[in-house]
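Here's a quick tour of a structure, one local feature at a time. Have the viewer open and follow along.

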Amino acid sequence: MVAKCGICNEADGRYKCPQCRTAYCSVTCFKSHKGSAACAEAREALLRQREAAEAGQSPLLQGLGSGDGKEDEGYRVTPDQLDRMVESKRLQEWLRDPMLREVIELVDASGDRERALDTAVGSNEQFSEFVRVLAETINPEGAPT
Ligand SMILES: [Zn+2]
Ligand SMILES: [Zn+2]
């Protein structure tokens, strides 16, 4: 299923505005959209959504996927990775799961986060699955084979 073009509302919105991610069908529609108030508004909404996602994110989630062995830098997900997380319906559903949130909070609150994470992954199948999917979402190319 392709979303309808957000500009003419008729054809399939096969492309996305790089600024605001509004779907559009053709160059013609994009030209009338580009630089318009609608684009600015949609971009604002997108930014707010991203900020909300970022604010709601625990340090654990921000640290996941940065890879082991790296120095302190890279301990935050990039905006691109955040986009992928926000767009992942599966992750969003999981993050609403109270039990899963509890485990995440527990790990976050722990003094030794890495060890707590290991323990949680080892003792909780659902959480380990969540961590696996999260890592794949953030880093599709680097997913373990
Ligand atoms: Zn159109
Ligand atoms: Zn736009």
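## Helix α8

In this predicted model, the buried residues of α8 are F127, F130, V131, V133, L134, T137 and I138; buried means under 20% relative accessible area, exposed over 50%, partly exposed in between (1.4 Å probe, protein chains only). An α-helix has 3.6 residues a turn, so residues three or four places apart point the same way.

The helix covers residues 125-138, and at 1.5 Å a residue its 14 residues should span 20 Å, which agrees with the 20 Å between its end C-alpha atoms. That expected span is 1.5 Å times one less than the number of residues. Helices here are DSSP runs (H or I, at least four residues), and strands are E runs of at least two, numbered from the N terminus.

## The zinc site

What coordinates the zinc ion (ligand 1)? The SG atoms of C5, C8, C25 and C29 do, at 2.3 Å; donors are N, O and S atoms within 2.8 Å of the metal (3.2 Å for Na, K and Ca), and with water not among the atoms, sites may look incomplete. Along the chain, the donors are spaced C-x2-C-x16-C-x3-C. C5, in the segment before β1 (15-16), and C29, in helix α1 (residues 27-33), are 24 residues apart, so this pair links distant parts of the chain. Both C5 and C29 are buried.

## H33

H33 sits in helix α1 and is buried, with a relative accessible area of 4%. Leaving out residues up to four places away in sequence, H33 touches I7, C17, C20, T22, A38 and C39, where contact means heavy atoms within 4.5 Å.

## Conventions

Residues are numbered from 1 along each chain as its sequence is written, while chains are lettered from A and ligands numbered from 1 in the order in which they are written. As this is a predicted model, local features need pLDDT of at least 70, side-chain atom pairs count only at pLDDT 80 or more, and totals for chains, interfaces and linings use all residues; side-chain values use heavy atoms, with hydrogens and water left out.
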